[in-house]
Amino acid sequence: MSILEVKDLTFSYPDGDVKRIILDHISESFDQGKFYAIVGFSGCGKTTFLSLIAALDKPESGSIMYQGKEISEIGYEKYRRNHISIVFQNYNLIPYMNALENVRVAMGITENPLGDDMTRLALEHLFSVGIDEKKAKRRVNRLSGGEQQRVAIARALSTNVDIILADEPTGNLDRKSSEVIVDLLSELAHQRNKCVIVVTHDQNVAKKSDKIINLQTIGMKLKS
Amino acid sequence: MKLFKRVLVSVLRRKTCTLILLLLTFLIGNVMAVSIAIQQSSKGIEENLLNRIGGKVLLKSPITDQNQIYALSDEDYEKAWKEFIDSYENLSSKEKVSYADIHYHYNSIQLLDSEKYDLNNKHYENGSYLHGVDSLVFTDEKEELLTLNKGSYFTKEMLDDGWDVMIISDQVTRDQVPFQIGDRIDFSLILTAYDPAQSQTVSVYEKVISYEIVGIYQQIDNKYSDIQNDLELFYVPNQNLVKYEQFAKDFFSKSNMEPNRDRLWIESCMFRVHSLLDLPVFKNTVLNEIEDKQINFYTSEDSVEGLLGTIKTLSSLSENVLWFSMGAMCIAVALVTFYFVKERKHEIGIYLSLGMDKKELLIQIVFETLFVGLLGIILSIGSQKYLSQSFSDYLVETMIRYEDTEKDKFVTNHHVLNPDHLTHEDIVSQYEVHIQGQDLILLLILGSCTLIISCLLPLGYIVILKPKNIMLE
């Protein structure tokens, strides 16, 4: 069974007197241990799709099921807390905290079992993405963009969830850093059995994925 | 990282925000602390003063006013006198009354010049008069105004039959007149009448009354002693004054002269209840007793009220300032916290995208505000001591300048209720602002409530925030 399944997902925005349909009856399923890339031109609904499967928004119609159960039944907050992690383009770290504290915050929110020594675990996750102890105790706004994104990935890992969602994770990074981050995400899927879904317009990222979902082919429709 | 750690990290790392909120709550906290301290101190001083004066009731009527009695017709005077004495006797027998006292006064009996002594040329040029009493043990001794150090009090027989006996102040014996128990001091009953031929009042009868000294008292040193020195040197039985007034009445009834007769009047009539707690009940008893009669009454509470006018104004002002400062704190903290929460919109979005329960997030914001706000208020407790004393001293002094002399008159007129003759200045000099444990608890409760209310605006903002709009905008 797929870990995440989307059926007939529809979403639209009001645009003056008309309704701009962004997603029209999208159906897709996602498995653990695979790396998915969602591509398409700007405004085709990539980020909207991500926000729906991340339970940051509610679909107009259709269903999103986690392990066969509607996420609305699980509860949006609980679903975000225990089943998914999101990596954003602009990292979204808490600026007055250091890298370690940013990871510890996420670990303090999830209800998943993580172990007793949280600080050691958090450091292990940071080490696994290439952040050493010295950098782990540095304020995140004193780290480079690539390092901040690694911290964001470590935070996503730390909550022990099955699904990792990423919205243009390499959008603000140089080529070298981008490659490192994509490799990390790929490693999460293939070596740690996570379901990694990345929204990207970067063909290099898409090439490394196991499956490319092109929302562009669905297109946009206008309804009066 | 759990809630309290997050609160602590947020407060300690966001230094500018913390300092602004701390400064704000410290400043307004000072105003609140000062207001509470002034109010509590005012209550304290009122209680102390009431305990010091005790539970007393003073009866007043036209016959207790030397000026008013001459405006009464003979019939009205007799009626007023009877009403007053009946009320006094009824009330003095009540269970709540510890002791009562009534002092008669009769102007027609005056100190007589003598070859043996010259009291009139000593300290008594303002005129000395006889101070009537009707109790076996002087209530003035119970009130700690004097103590009998030679001789004895009047016996029941002396009181009932109005003997020519007196108890004098040792002030008289100190003025180079070494009176002893058993000596006599001469007074003169002088009756006057209008003489149409001379178009003036003339003396028509004089009678020497030789009072035997049965006791000598010593005044207990207090501010009231200065007044008493001039006015109340000679205690005689009330019935003695009644006897000579009756003599005057009889004299004029047998003559066809137009009398310029002095009337017996009551200098004071006071009831002391067992405790302050008995005062409200006794007040009701007095109200029932004097219903439909031309009698008023004042209590020690009224006297304290008069003395505490300035302090009470200050207390009332402080109460208004307290409410105002709570309102100001509410608005200021709400706006500042709202601004900071807006600044932290992204952080809030991160928490929400991580799946944090909104309730937990709201609690975090409230705890952060309470943590910093209460710290500011606690710090203000330290500085309020100096501030509240200086501020209230300044206010009291300013207010006293505006006080007219009416209240001073009030105090003097009610000296029976205020035996120490306390004045506004005495009260103010004793007015020490201090904050106690219970006041601190009150301050912290009011401060906490104000801070929680001030969180409503930022909390409302958080409730309507959508994580998608923040994180994916």
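Colleague: Which residues in α7(A) do A:Ala99, A:Asn102, A:Val103, A:Ala106 and A:Met107 in α4(A) meet?

Modeller: First, this is a predicted model, so local features need pLDDT of at least 70 and side-chain atom pairs count only at 80 or more, while totals for chains, interfaces and linings use all residues. Residues are numbered from 1 along each chain as its sequence is written, with chains lettered from A and ligands numbered from 1 in the order in which they are written. Helices are DSSP runs (H or I, at least four residues), numbered from the N terminus, and residues are in contact if their C-beta atoms, placed from the backbone, lie within 7 Å. Those α4(A) residues meet A:Val151, A:Ala154, A:Arg155 and A:Ser158.

Colleague: How many residues of that contact of α4(A) with α7(A) are nonpolar?

Modeller: Nonpolar covers Ala, Val, Leu, Ile, Met, Phe, Trp, Tyr, Cys and Pro; Asp, Glu, Lys and Arg are charged, and the others, Gly among them, are polar. Two residues here are polar and one is charged, and the nonpolar count is six.

Colleague: Is α4(A) roughly parallel or antiparallel to α7(A)?

Modeller: Axes are lines fitted to C-alpha atoms over the stretch in contact, with angles from 0 to 180 degrees between N-to-C directions. These two come within 8 Å and cross at roughly 30°. Angles under 35 degrees count as roughly parallel, over 145 as roughly antiparallel, so α4(A) and α7(A) are roughly parallel.

Colleague: And how do α3(B) and α9(B) run, roughly parallel or antiparallel?

Modeller: Their axes come within 10 Å and cross at roughly 150°. That makes them roughly antiparallel.

Terms used:
Angles under 35 degrees count as roughly parallel, over 145 as roughly antiparallel, 65 to 115 as roughly perpendicular and the rest as oblique. Two residues are in contact if their C-beta atoms, placed from the backbone, lie within 7 Å.
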